[in-house]
Amino acid sequence: MKNMLDNFKKNTTEESFMDIVDRGSDYAEKCKTRSTEVLQEKHQKYRRQKYGAYTSSAMSGGLAPLTGGASLLGLAFSGPSAVIAERKLKVIEAELAARKTPSKKRKEDKFGSMAISATL
């Protein structure tokens with residue numbers, strides 16, 4: 001067991017997943033160079049991704065007793081996706097607020113992705 005832990009420590013990098021996700025400053029620099037239209041499109045994209053991932057996570061957890069736990073694998077995919085989308089949304093919303101441009105929050109972005117995730 002100790003050898004397995006030593007090998008794991010050797011093969012992993014110093015950065016954890018959250019360290020990689022927290023690189024918001026790089027994304028903020030990218031957002032500053034993008035046009036307002038592109039930022040609004042990205043806002044819609046990440047909003048859909050966030051709500052779709054949340055719905056997928058809830059469905060995976062809810063169906064776990066019926067699938068014998070196999071559906072919990074969906075959490076491994078949807079969890080990080082939701083975290084990344086939420087953090088990118090915060091950066092985009094901050095940039096849009098700095099430009100004094102309102103972000104377009106449409107209901108179909110929210111409920112459309114939730115409906116598709118729930119049926120899959």
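**Notes on the predicted model**

1. The largest nonpolar core consists of nine residues, namely Y27, C31, L39, Y46, A85, L89, V91, I92 and L96. Such a core is a set of buried Ala, Val, Leu, Ile, Met, Phe, Trp, Tyr and Cys residues joined through side-chain atoms within 4.5 Å, where buried means under 20% relative accessible area, exposed over 50% and partly exposed in between, with a 1.4 Å probe and protein chains only. Two or more residues of this core come from each of α3 (24-33), α4 (36-62) and α6 (73-98), and the largest share, five residues, is given by α6. Helices are DSSP runs (H or I, at least four residues), as strands are (E, at least two), numbered from the N terminus.

2. This is a predicted model, in which local features need pLDDT of at least 70 and side-chain atom pairs count only at pLDDT 80 or more, whereas totals for chains, interfaces and linings use all residues. Residues are numbered from 1 along each chain as its sequence is written, and side-chain values use heavy atoms, with hydrogens and water left out.

3. One aromatic pair is found in a search of the whole structure. Y27 and Y46 form this pair, which is edge-to-face, with 6.4 Å centre to centre and 85° between the planes; rings of Phe, Tyr and Trp (its six-membered ring) pair if their centres lie within 6.5 Å, and planes under 30 degrees apart count as stacked, over 60 as edge-to-face and the rest as tilted. The pair links distant parts of the chain, as Y27 in helix α3 and Y46 in helix α4 are 19 residues apart. Y27 is buried at a relative accessible area of 10%, and Y46 is buried at 6%.

4. S57, which belongs to helix α4, is buried with a relative accessible area of 18%. Not counting residues up to four places away in sequence, S57 touches L75, S78 and G79, contact being defined as heavy atoms within 4.5 Å.

5. R99 sits in the loop between α6 and α7 (107-119) and is partly exposed, with a relative accessible area of 25%. Leaving aside neighbours within four places in sequence, R99 is in contact with C31, K32, R34, S35, T36 and L39. Although R99 and K32 are 67 residues apart in sequence, their C-alpha atoms are 9.7 Å apart in space.

6. L63 lies in the loop between α4 and α5 (64-67), and at 35% relative accessibility L63 counts as partly exposed.
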